[in-house]
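Trainee: Before we start, could you walk me through this model feature by feature, giving the general idea and then the case at hand?

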Amino acid sequence: MHTINALKAQFRKLSHAHLPYHWFESLLLFVLNKDKAFLITHDDYLLTADEYDGLESGMAKLCSGVPLAYVIGRQGFFGHEFSVNEHTLIPRPDTEMLVEAALDVAADKGLGQARILDLGTGSGCIALSIAKALPSSTVLAVDYSHRALDVARRNAQDLQVANCQFIQSNWYENIPIQSFDVIASNPPYIARTDEHLAQLGAEPITALVADNHGLSDIEKIIKGSAVYLMPSGVLALEHGYDQGAGVRTLFAKAGFKDVRTVKDYGGNDRITMGICDE
Ligand SMILES: C[S@@+](CC[C@H](N)C(=O)[O-])C[C@H]1O[C@@H](n2cnc3c(N)ncnc32)[C@H](O)[C@@H]1O
């Protein structure tokens with residue numbers, strides 16, 4: 001007898017710090033295709049055999065270390081639902097600050113029709129959130145991974161975004177020369193030796209790791225940006241909590257002005273931005 005009430009008790013026993021109770025609840029809601037209120041109002045609901053099979057197989061994946069977002073194939077970000085799979089990073093709440101930074105730049109400059117480039121788009125969470133918030137803007141989303149781009153394109157369709165284009169490229173390599181008001185990127189920035197990598201084993205390593213203490217992709221993006229930014233265009237980059245000073249130095253060396261770092265919700269350096277001085 002697999003009632004919701006009995007399952008909740010089972011979830012409580014199984015959950016711990018790295019496997020939170022709400023992951024099980026979210027999985028159950030996904031399997032039942034219901035919203036959260038259903039779990040409160042239907043304690044005696046008896047799962048069908050198919051529903052229980054789906055729940056069991058999802059629970060086995062969660063218990064083996066697969067993150068919830070990959071088990072249910074989606075993740076909320078900036079108020080939208082994004083499909084994700086093993087070829088895309090799972091969008092993080094801190095990255096919403098990069099979207100906010102890009103939107104603030106567009107608002108400060110009075111740019112309803114901003115031109116925005118998102119480098120390393122993954123699921124498309126940054127590009128598509130900006131494109132939704134600024135429907136008159138044009139957004140170009142770039143990734144090296146064809147498989148990530150497939151997911152991003154599907155998300156564009158599901159979110160009914162028409163003002164975002166996608167290109168496969170190794171950073172700027174395949175991007176036709178043009179000028180952007182804002183370049184935003186959450187590139188790989190974790191050092192190969194970083195101990196936190198062990199906890200991120202389910203996510204694509206190419207989305208996470210960069211050479212030179214995690215700074216090599218950031219450096220390439222900064223160096224290449226002058227060609228693609230409007231005069232006074234803004235480059236905004238997400239980076240590691242301990243990379244703020246290093247990234248500011250790279251911005252300054254490349255001639256950016258008004259370089260500043262924004263802290264994340266945990267009070268750590270997270271996004272550095274600067275104005276192109278060319
Ligand atoms: C940290 S993930 C960010 C994904 C997404 N923007 C987000 O915030 O969730 C970095 C992304 O950069 C892409 N990437 C890595 N190297 C690249 C390269 N040389 N050129 C273009 N994209 C690259 C990866 O495939 C991955 O999707």
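Trainee: Into which domains is the protein divided?

Mentor: Domain bounds come from an automatic or database domain assignment, and here they give domain 1 (4-72) and domain 2 (87-275), whose C-alpha centres lie 34 Å apart. This is a predicted model, in which local features need pLDDT of at least 70 and side-chain atom pairs count only at pLDDT 80 or more, while totals for chains, interfaces and linings use all residues. Residues are numbered from 1 along each chain as its sequence is written, and side-chain values use heavy atoms, with hydrogens and water left out.

Trainee: How many bridges join S8 to S9, and do the two strands run parallel or antiparallel?

Mentor: Two strands pair if DSSP finds at least two bridges between them, strands being DSSP runs of E with at least two residues and helices runs of H or I with at least four, numbered from the N terminus. S8 and S9 run antiparallel and are joined by 5 bridges, with Lys263 standing opposite Asp269 in S9. Their hairpin has 5 residues between the strands, and Gly267 takes a positive phi near 80 degrees there.

Trainee: Which strands pair with S7?

Mentor: S6 runs parallel to S7, with 5 bridges joining them, and Ser185 has Leu237 in S7 as its bridge partner. S7 also pairs with S9, in the antiparallel sense over 5 bridges, where Ala236 is partnered by Met273 in S9. Buried means under 20% relative accessible area, exposed over 50% and partly exposed in between, with a 1.4 Å probe and protein chains only; 7 of the 10 residues of S7 (residues 229-238) are buried, so this strand is largely enclosed by the rest of the structure.

Trainee: Which residues does the UniProt annotation "binding site" cover?

Mentor: UniProt positions are given in the numbering used here, feature names are shortened, and annotations may be inferred rather than shown by experiment. The unreviewed UniProt entry places its "binding site" annotation on Asn186, Pro187, Pro188 and Tyr189. Asn186 lies in the loop between strand S6 (180-185) and helix H9 (211-214).

Trainee: Why does Asn186 count as buried?

Mentor: Asn186 counts as buried because its relative accessibility is 14%.
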